[in-house]
Amino acid sequence: MATRKAPEKAQPNVSKEDLLQYYSDMLLIRRFEEKAGQLYGMGLIGGFCHLYIGQEAVVVGLEAAAKEGDKRVTSYRDHGHMLACGMDPNGVMAELTGREGGYSKGKGGSMHMFSKEKHFYGGHGIVGAQVPIGAGLAFADKYKGNDNVTFTYFGDGAANQGQVYETYNMAKLWDLPCVFVIENNQYAMGTSTQRSTHSPSYWERGVAYGIKGEEVDGMDVLAVKAAGEKAVAACRAGEGPYILEIKTYRYRGHSMSDPAKYRTRDEVQKMREERDAIEMVRQMLLTGDHATEEDLKAIDKKIKDVVNASAEFAKESPEPALEELWTDIYADEIPQEAV
């Protein structure tokens, strides 16, 4: 008896240009974060530094579903979000190093950067604090009567915070155009979801409030984009809010100071080898004859040049002057004793 031939896997309905863009955007985030890790090790970045390596498909996929005017707010693992929405790598790196050329003029550091032009309302250092802020941004857009959407990002660790559920309730009461994005990297700070919560399906918690949602493969940028488009369409149609629980995986520790001993190296390596989001798109480009190995090497070189230039810009940018430390605060004048 003849063996039935397995059906060929359907080719994704995506253009060459889009695939190349997603590949470049994710690669920029990874190379930037790798460089940030190097600068941290050299002592040029102080304080906390939470890298986004491994999770790149989440924000790149959702930004592909956004339009001009949409807003975004996230937690302290925020560098990737800044780059994905179009913020300048020079300004981001300079802020990481506490320099005057940074987005917050060197006064905010890794966790406190903002861009009015790119509608980026910050990384936030308090776990879950950005969730009600995101709902507030969405409320403003509904009040103004436009069709903008706010992407409110938080992690599986923050998903157990009480303010998240207070926000869910208010958001549904007013049908706010808010996409709640749970970046479930499965370990929060260092405790697995299996140990930290009895109901690890976080998106289903929205059912109690009448909020629609779904789980998404966060290592597949095309799956993220498709889910993002569905969520955004619902919000623009006045059916929001919407919850996306995006299952992803960070390759590094919670922060640069975390040795990540709560998981094995084999586990991380397996994810890198079998589920890496950038490698997935890379293979799609090669097997679809959209790009050659040389083409992709050229893209990588171009991105490395951009990242290296951002590091040099940061190193050459001066530290903020003393008088700058007293700007952008709620004070009428500089106290004389501080001059």
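This is a predicted model: local features need pLDDT of at least 70, side-chain atom pairs count only at pLDDT 80 or more; totals for chains, interfaces and linings use all residues.
1. Aspartate 175 is partly exposed, with a relative accessible area of 26%; on this scale buried means under 20% relative accessible area, exposed over 50%, and partly exposed in between, with a 1.4 Å probe and protein chains only. The residue sits in the loop between α6 (162-173) and β3 (178-184). Although aspartate 175 is not a glycine, its phi is positive, at about 45 degrees. Helices (H or I, at least four residues) and strands (E, at least two) are DSSP runs, numbered from the N terminus.

2. Residues are numbered from 1 along each chain as its sequence is written, and side-chain values use heavy atoms, with hydrogens and water left out.

3. On confidence, the protein averages a pLDDT of 93, and 94% of the residues score at least 70; pLDDT is the predictor's confidence in each residue, from 0 to 100. Contact here means heavy atoms within 4.5 Å.

4. The protein has 11 helices and 5 strands. Its radius of gyration is 21 Å, close to the 20 Å that the globule rule gives for 339 residues, so the protein is as compact as a globular protein of that length. The radius is taken over C-alpha atoms, and the globule rule is 2.2 Å times the number of residues to the power 0.38. Along the principal axes, the C-alpha atoms fill a box of roughly 95 × 50 × 40 Å.

5. Of the 339 residues, 50% count as buried. Among contacts between residues at least 6 apart in sequence, 74% join residues at least 24 apart. The protein exposes about 16700 Å², of which carbon and sulfur atoms supply 52%; accessible areas come from the Shrake-Rupley method with a 1.4 Å probe, and for residues only the protein chains shown count as cover.

6. As to charge, the mean positions of the 40 positive and 51 negative charges are 4 Å apart. Lys and Arg count as positive and Asp and Glu as negative, whereas His and the chain ends are not counted. The place of a charge is taken as NZ of Lys, CZ of Arg, CG of Asp or CD of Glu.

7. In helix α4 (residues 89-96), 7 of the 8 residues are buried, so α4 is largely enclosed by the rest of the structure. The buried residues of α4, including Glu95, pack against α1 (16-41), α3 (79-84) and α11 (293-316).

8. Leucine 83 lies in helix α3 and counts as buried at 8% relative accessibility. Leaving aside neighbours within four places in sequence, leucine 83 is in contact with Leu28, Ile29, Phe32, Pro89 and Val92. The C-alpha atoms of leucine 83 and tryptophan 174 are separated by 31 Å, the two residues being 91 apart along the chain.

9. Threonine 150 lies in strand β2 (residues 150-155) and is buried, at 0% relative accessibility. Not counting residues up to four places away in sequence, threonine 150 touches Lys71, Gly134, Leu137, Ala138, Asp141, Pro177, Cys178 and Val179.

10. Glycine 136 belongs to helix α5 (residues 130-144) and is partly exposed, with a relative accessible area of 38%. Its C-alpha atom is separated by 8.9 Å from that of alanine 171, 35 residues apart along the chain.

11. Histidine 254 is found in the loop between β5 (242-247) and α9 (265-275), and is buried, with a relative accessible area of 8%. Residues up to four places away in sequence aside, histidine 254 touches His50, Tyr76, Arg77, Ala188, Met189 and Tyr262.

12. A cis peptide bond, with omega about 0 degrees, joins glycine 240 and proline 241; proline 241 is in the loop between α8 (221-236) and β5. Lysine 105, in the loop between α4 and α5, has a positive phi of about 60 degrees although it is not a glycine, and counts as partly exposed at 35% relative accessibility.
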